[in-house]
Amino acid sequence: MRPWPMNAVRTRSGACAAHRRHQMLTVEQAVQAKAIALGKLSVRATTAAKAGHPTTALSLAHLVTELLYRIMRWDPAHPRAPGSDRLVLSEGHAVPIIYAACADLGVTITPHGNARPMTQDDLMALRDIDSPVDGHPNPEIGFPFFDAATGSLGQGLSIAAGLAAAARLDGIDKTIYCIIGDGESREGQIWEAMDFIADHGLTNVVAIFNCNTLAQSDYVSPAQDWVHLQHKAEAFGWTALAVDGHDPARIDDALRNRASLAKGRPLCIVARTVKGWGVPDLGGMGHHGTPVKQDQLTAALAALDHMAREYGVDSVFPDDVEKLLRITPPPDVPVQPAPVAAPASLGTVAHDNGTIAAALRDKKMMSPRRAFGTALKALGAANPQIVALDADVKNSTYAQDFADAFPDRYFESRIGEQNMVSAAAGLAGGGKIPFVSTFGRFLERAFDQIEMAIIGGADLKLVGTHIGVTLASDGPSQMALADVAFMRAFAHVGDKRGNPAVRVLTPSDGVSAYALVLAMAESSGACYLRAVRGDLPILYPEGEKFPLGGHKVVRQADPAGDGAALVFVASGYMVHSCLKAARILEQDGVRTAVVDAYSLPADVPAILALAGKGGQVVTVEDNYVGGLGSELAEGAGTIPDAPPIHPLTVTRIPKSGRSADDVLHYVGLGVEDIVAAAREYLPAA
């Protein structure tokens, strides 16, 4: 691979610097001069930070210069302008080259909420604890140039897909560029995204593979070289072009003529680059993630100065460069807030829908997943910013209701849950309110993508159906049992607004499920709703309110206020099991209360206060540890004289059973098991 383009303009050896200073500068030379300047800034910044990835940054110097100074329609003073083209850096570790350009252009940053132009001093504070210039892209800490957090490799193209889908819904002609490393192309999510983008005809996405052949610890595999990547992209329905990633003319031609070259398909640029371009000592294996040491900085910068002399741009005036590198402003897109109405109540829906009416008023049974689909459709009718994504199970999650009613706002993700979550993060970055649904068990494979979306502040509304062991006959491969522990971890992390980073919601009937879905849409921040598959008895009257962070006492132990000898705390299906257990214990004269703790984080002091003097608290949940039991036990540690807490959870791997009762008994959570455990916890008479 060549260290620089063979067709680059060069001066003869010994040419007079004064002559070069006054010669007519070409656009290509201006790009070379700027790329070298940005490369030097990237090297200096990573050296100052004593951390970072200057070699990957240097490999992107020309691509980033072309994009930010020549191709993209955007305004550095208003990087989030609605009509702006967007750039997603999937290989987030290369971000110093983006920061260098933003410092050079004075792009608006918002540290601590205060908007101002970025400076080179900001750049030199790279990775500082008080700096918005973080180690990887993250808009939440004050860098609005980016729309989502990236850096966990493989996710950026999915985010670009979501941004592109949002732009199409808004009727805005913008292009979403995404830079992807050749090493990260081994991630399967990249190809989920390639498929999704082609499937949905998102031709406003341009994928740019940075093919420098080097990953972190080894060379990329032959299947990841530029030839194979080009063939793969074509096989996925894209138009793929190979270019020299250090040749401004070729880069400019491919990007500027995107529409005619792509021929109605999304465009993939496969750019052959050199890792550590311009600094020979940084080439080859062993330099990934290694900044230039302070005592070697002068030599590294001198190597880039040598490149400038080779290209004849070592003594050009900066003003001459700026005159040739003109950024095209974005089109003016008037912001017109979409009209939002109050969604229909469940009672109103039932009045117009015989199936729902029969479930509520005749059978008095309704599945929470059915209530989710009904509520999602009602939200779609009330708010045009609501969008939905599902992963080939919309007929099981009942997202089908929304898909049928609002096909333009529904994005079938097929069996690609990781792409689906990251695409939803992109849609959120584009101003939409995305509801993401699949079986809760399948969301578990997207935990990384969910965490990255949370880091970036995406307003995701996640819905996992078929949760817990009561799924029964399908067995543990389909049961969400570890999801609570993961999601609950974020329930006790604050977002920048001071809210829980994720609210975990587990409704116990159709009425509460409907109300909680509506509450999710109104809340700021991410939410995760867990919906039982089977029909559950209706516990609440239509119109009952379910504030986030609340709970319901569905069985009072002692109206006189002496407190309960035993308090069952549960959610979802297990609320009904606890009610049955309470009725059995009542025959023994045990004052028993039952709490529907439908929301985490929970009001732990209020729940524990239900236990009377000497009372016991038993949490019952058909999932692994880390849920309600942990919630109350951790909270009790800060409460003087808190009652004892006894968690009942799934402590063995479940299996298929013919009925929910079969599996509950198998894992020790049948009604008789709950009663037996409770009797052990009660003090001897």
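Reader: Which residues does Ala207 touch, not counting residues up to four places away in sequence?
Author: This is a predicted model, in which local features need pLDDT of at least 70 and side-chain atom pairs count only at pLDDT 80 or more, while totals for chains, interfaces and linings use all residues. Residues are numbered from 1 along each chain as its sequence is written, and side-chain values use heavy atoms, with hydrogens and water left out. Contact means heavy atoms within 4.5 Å. With residues up to four places away in sequence set aside, Ala207 touches Leu157, Cys178, Ile180, Trp238, Leu267, Cys268 and Ile269.

Reader: Is Ala207 buried or exposed?
Author: Ala207 is placed in strand β5 (residues 205–211); helices (H or I, at least four residues) and strands (E, at least two) are DSSP runs, numbered from the N terminus. Buried means under 20% relative accessible area, exposed over 50%, and partly exposed in between (1.4 Å probe, protein chains only). The relative accessibility of Ala207 is 0%, so this residue counts as buried.

Reader: With which residues is Thr65 in contact, leaving aside its neighbours within four places in sequence?
Author: Thr65 has its place in helix α4 (residues 61–71). Its relative accessible area is 0%, so Thr65 is buried. Apart from neighbours within four places in sequence, the contacts of Thr65 are Val31, Lys34, Ala35, Leu38 and Arg70.

Reader: Within what arc do the buried residues of α10 fall, seen down its axis?
Author: In helix α10 (residues 248–256), the buried residues are Pro248, Ile251, Asp252, Ala254 and Leu255. The arc is that of the directions from the helix axis to the C-beta atoms. These buried residues line one face of the helix, because, seen down the axis of α10, they fall within an arc of 165°.

Reader: Which residue has a side-chain oxygen that reaches to the backbone nitrogen of Ala249?
Author: A polar contact is a pair of N or O atoms within 3.5 Å; within protein, one must be able to donate a hydrogen and the other to accept it, and residues adjacent in sequence count only if both atoms are side-chain atoms. At the start of α10, the backbone nitrogen of Ala249 has within 3.1 Å a side-chain oxygen of Asp247.

Reader: Which element gives the largest share of the lining of the largest pocket?
Author: On a 1 Å grid over the protein atoms alone, a cavity is a set of points where a 1.4 Å probe fits but cannot get out, and a pocket is an open set with protein on both sides within 12 Å along at least five of seven lines; lining residues have an atom within 4 Å of a point. Grid points are joined across faces, edges and corners, and a volume is the space filled by probe spheres set on the points. The largest pocket has a volume of about 830 Å³, and of its 39 lining residues, Asp170, Gly429, Gly430, Gly431 and Lys432 are the closest to its centre. The largest share of this lining, five residues, comes from α7.

Reader: Which element gives the most to the lining of the second largest pocket?
Author: The second largest pocket, with a volume of about 390 Å³, is lined by 19 residues, and those nearest its centre are Ala33, Ala37, Val313, Val316 and Pro318. Two or more lining residues come from each of α2 (27–49), α12 (297–310) and α13 (318–324). The most, seven residues, come from α2.

Reader: How much space lies in the largest cavity?
Author: There are four cavities of 30 Å³ or more. The largest cavity is lined by 16 residues, with Thr506, Arg530, Ser571, Asn623 and Leu628 nearest its centre. The space in the largest cavity is about 110 Å³.
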